[in-house]
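Here are a few notes to read with the model open beside you.

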Amino acid sequence: MRIVSWNVNGLRACDAKGFRRWLDRSAADVVGVQEVRARREDLPRRLAAPRGWHTHFAPAERAGYSGVGLFARRAPDALETALGRQGFDVEGRLQLARFGRLVVANVYFPNGNGRDRDNSRVPYKLAFYRRLFERLEKLRSDGAHVLVLGDFNTAHTELDLARPRENQKTSGFLPRERRELSRWLAAGWVDTFRHFEPAPGHYSWWSQRSGARGRNVGWRIDYVLASPEAMRFVRGAFIERHVRGSDHAPVGVELDAGICG
């Protein structure tokens, strides 16, 4: 079983650069996309209802902003999009899709930057992290095998970005953001990519300025985290660095299909 996450930075724009072709060749069973920036009715049929895929979209109330989407080869048994707090739910940041005992949380975590890049949204970002953590811990306690995938908007350690010293005061690498992610890992959640690949130099997002991607000056801010119960079924993790179409690369995991049982 193969599950993939991709911040597409605008689904229609990404499709103009080959998203649908990539999707059909991805060999994925489930694909979660973030930053869709469109409502279902705004999408062409090739994206809203592609043949062979079940789809669901959770848009933000604000047009052209945020939003997550799910493409799955089989229909989820259940799907939720609410954290139960209006300030979070209006931004289209969450899908919880259940496939048997497997729960796939497709998440677009907030960026801590305000309009003036002043870190003013960091408290909101961290509150979202904590609220979601509580929701996912409840799923774990109920016996679910949980995978949390998406754009976390945080590089966890100095291994996870090319220039850590220059970004100590930048949202995405602030100590309090990194501590929050550390708290998840201390509770047993596993960073699947780091479980298999301890080396530096692996990134999932690059600035679109100054040829950063070609020089591999990037950040690893896209993850698949596995609950301990789910990690028993994870066989590998990857970043598809050379897939273009967005400023992010797809990331994902290979799983034993028994994870759904």
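Which residue in β2 does Val4 stand opposite? Keep that in mind for the opening point, and please remember throughout that this is a predicted model.

1. **Strand β2 and its partners.** The answer is Val31. That position belongs to the pairing of strand β1 (residues 2–7) with β2, which is parallel and spans 5 bridges. β2 also pairs with β4: these two run antiparallel and are joined by 5 bridges. Within that pairing, Val30 stands opposite Ala72 in β4.

2. **How enclosed β2 is.** Of the 5 residues in strand β2 (residues 30–34), 5 are buried, so the strand is largely enclosed by the rest of the structure. You can check both faces: Val30, Gly32 and Gln34 lie on one side, Val31 and Val33 on the other, and all are buried.

3. **The six-stranded sheet.** Now turn to the open sheet, where 6 strands follow the order β5-β6-β7-β8-β12-β9 with mixed pairing. At its edges stand β5 (78–80) and β9 (190–191); each has a single partner strand, so one side of each has no neighbour in the sheet. Further in, strand β7 (residues 102–108) runs parallel to β8, and 7 bridges join the two. Val103 stands opposite Val146 in β8.

4. **Helices on that sheet.** Helix α5 (residues 122–141) packs on the sheet and touches β5, β6 (94–99), β7 and β8. The direction of α5 makes about 10 degrees with that of β6. Helix α6 packs on the sheet as well, touching β8, β9 and β12 (222–226), and its direction makes about 25 degrees with that of β12.

5. **Aromatic pairs.** The count of aromatic pairs comes to 19. One of them is Phe57 with Phe71, an edge-to-face pair at 5.8 Å centre to centre and 90 degrees between the planes. Phe57 sits in strand β3 (residues 54–58) and Phe71 in strand β4 (residues 68–72), so to speak distant parts of the chain, 14 residues apart. Another edge-to-face pair is Phe152 with Trp184, at 6.5 Å centre to centre and 75 degrees between the planes. Phe152 lies in the loop between β8 (145–151) and α6 (175–186), while Trp184 is in helix α6, so this pair ties together parts that are 32 residues apart in sequence. Phe152 is buried, with a relative accessible area of 0%, and for Trp184 the value is 0% too.

6. **The aromatic cluster and its arginines.** Phe152 and Trp184 are among the members of one aromatic cluster, which also includes Phe88, Phe109, Tyr124, Phe128, Tyr129, Phe133, Trp189 and Tyr223. Have a look at two charges here. The charged end of Arg121 sits over the ring of Tyr124, 4.3 Å from its centre, and the charged end of Arg183 sits over the ring of Phe133, 4.3 Å from the ring centre.

7. **Asp256.** Finally, find Asp256 in the segment after β14 (251–255). Asp256 is partly exposed, with a relative accessible area of 32%. The side chain of Asp256 reaches the backbone nitrogen of Gly258 at 2.8 Å. Beyond its neighbours within four places in sequence, Asp256 is in contact with Phe233 and Arg235. The C-alpha atoms of Asp256 and Val234 are separated by 6.4 Å, although the two residues are 22 residues apart along the chain.

Terms used: Residues are numbered from 1 along each chain as its sequence is written. This is a predicted model: local features need pLDDT of at least 70, side-chain atom pairs count only at pLDDT 80 or more; totals for chains, interfaces and linings use all residues. Side-chain values use heavy atoms; hydrogens and water are left out. Rings of Phe, Tyr and Trp (its six-membered ring) pair if their centres lie within 6.5 Å; planes under 30 degrees apart count as stacked, over 60 as edge-to-face and the rest as tilted. Helices (H or I, at least four residues) and strands (E, at least two) are DSSP runs, numbered from the N terminus. Buried means under 20% relative accessible area, exposed over 50%, partly exposed in between (1.4 Å probe, protein chains only). A charge sits over a ring if NZ of Lys or CZ of Arg is within 6 Å of the ring centre and within 35 degrees of the ring normal. Contact means heavy atoms within 4.5 Å. A polar contact is a pair of N or O atoms within 3.5 Å; within protein, one must be able to donate a hydrogen and the other to accept it, and residues adjacent in sequence count only if both atoms are side-chain atoms. Two strands pair if DSSP finds at least two bridges between them. Axes are lines fitted to C-alpha atoms, for helices over the stretch in contact, and angles run from 0 to 180 degrees between N-to-C directions.
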